[in-house]
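Have the viewer open and follow along.

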Amino acid sequence: PLGGGAAPWAPPQMFGGAPQFPAAPQFPAAPPFAAAPRFAAARPGPPAMMAQMPAKMPSHRMVGKVKRFSDGWGFLICDQVDGDVFIGKKDNPLIPDLVPGQHVSFVLSVEPNGKRCAGEAEISIPPASELAGTGRYTGIVKSWKGIWGLIVSESFAGDLFFGEKGNKELGHVEKDQLVEFEIMVNAKGKAEG
């Protein structure tokens, strides 16, 4: 009945006391998982994409040029990376003192603050075309075909074409001969000696 004097509501009595539920199942402890990759906070502008990259990237070698280097650290420029790439002897103890324009092969990493760094750095040998007009070099005649041939050198990667047409003072040439030469870029944009 509603109204005054009614007893307060109470749950109905169950036969044999409170209902019994089976014990909660016991699950094994959660397996340990590797920490999720950390991403740097995004910055405004195009570098934001680089800043969002994981701190440890897969090993992919890149080649850059030394922009400046002093007191054991400096910066590289690389076609595949927007902005400068930091390089230091602390992380690359085997590199010598670097000079502007020198080619360096490296693995890029991005720190949590977005700073791009060169690791596993090594001196890289540039293609001959990048040495055009920069001085005289020495090399060995790799092959000679009567009026033209190929030169190899520790100063550049690959072979360098040379021939009588561009070298009127050439004289006698034979395979395995030590030669001194300058590198030029021809009308087709190819390097030659």
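Strand 1 (residues 61-70) and strand 4 run antiparallel and are joined by 5 bridges. Two strands count as paired here if DSSP finds at least two bridges between them, and the elements themselves are DSSP runs numbered from the N terminus: helices are H or I with at least four residues, strands are E with at least two. Within this pair, K65 stands opposite H103 of strand 4. Before going further, please note that this is a predicted model, in which local features need pLDDT of at least 70 and side-chain atom pairs count only at pLDDT 80 or more, while totals for chains, interfaces and linings use all residues. Residues are numbered from 1 along each chain as its sequence is written, and side-chain values use heavy atoms, with hydrogens and water left out.

Strand 4 (residues 103-110) is mostly covered, with 7 of its 8 residues buried. Buried means under 20% relative accessible area, exposed means over 50%, and partly exposed lies in between, using a 1.4 Å probe and protein chains only. Strand 4 also pairs with strand 5 (residues 116-123), in the antiparallel sense and over 6 bridges. There, S105 stands opposite E122 of strand 5. These two strands form a hairpin with 5 residues between them, and G114 in the turn has a positive phi of about 95 degrees. As background, side chains in a regular strand alternate between the two faces of the sheet.

Now for the loop between strand 5 and strand 6, where S124 lies. Is S124 buried or exposed? S124 counts as buried because its relative accessibility is 17%. Setting aside neighbours within four places in sequence, S124 is in contact (heavy atoms within 4.5 Å) with V63, H103, V104 and S105.

P126 is found in the loop between strand 5 and strand 6 too. With 9% relative accessibility, P126 counts as buried. Not counting residues up to four places away in sequence, P126 touches H103, L131, S155, F156 and A157. P126 and E154 are 28 residues apart in sequence, and their C-alpha atoms are 9.9 Å apart in space.

Strand 6 (residues 136-144) has pairings of its own. With strand 9, strand 6 pairs in the antiparallel sense over 5 bridges, and the bridge partner of Y137 in strand 9 is F181. With strand 7 (residues 148-152), strand 6 pairs in the antiparallel sense over 4 bridges; here the bridge partner of S143 is L150. Strand 6 and strand 7 form a hairpin with 3 residues between them, and G146 in the turn has a positive phi of about 95 degrees. G146 counts as partly exposed because its relative accessibility is 43%. G146 and H172 are 26 residues apart in sequence and 9.6 Å apart in space, C-alpha to C-alpha.

What about the pockets? On a 1 Å grid over the protein atoms alone, a pocket is an open set of points where a 1.4 Å probe fits, with protein on both sides within 12 Å along at least five of seven lines, and lining residues have an atom within 4 Å of a point. Grid points are joined across faces, edges and corners, and a volume is the space filled by probe spheres set on the points.

| Pocket | Volume | Strand giving the most to the lining |
|---|---|---|
| Largest pocket | about 270 Å³ | strand 9 (residues 178-182), 4 residues |
| Second largest pocket | about 160 Å³ | strand 8 (residues 160-163), 3 residues |

The largest pocket is lined by 14 residues, of which N167, E169, L170, E180 and F181 are the closest to its centre. By class, this lining has 6 nonpolar, 4 polar and 4 charged residues. Ala, Val, Leu, Ile, Met, Phe, Trp, Tyr, Cys and Pro count as nonpolar, Asp, Glu, Lys and Arg as charged, and the others, Gly among them, as polar. The lining of the second largest pocket includes W148, F161, F162, N167 and E192, and divides into 4 nonpolar, 4 polar and 3 charged residues.

Finally, how many disulfides are there? Counting pairs of cysteine sulfur atoms within 2.5 Å, the total comes to 0 disulfides. C78 counts as buried at 7% relative accessibility, and C117 is buried with a relative accessible area of 5%.
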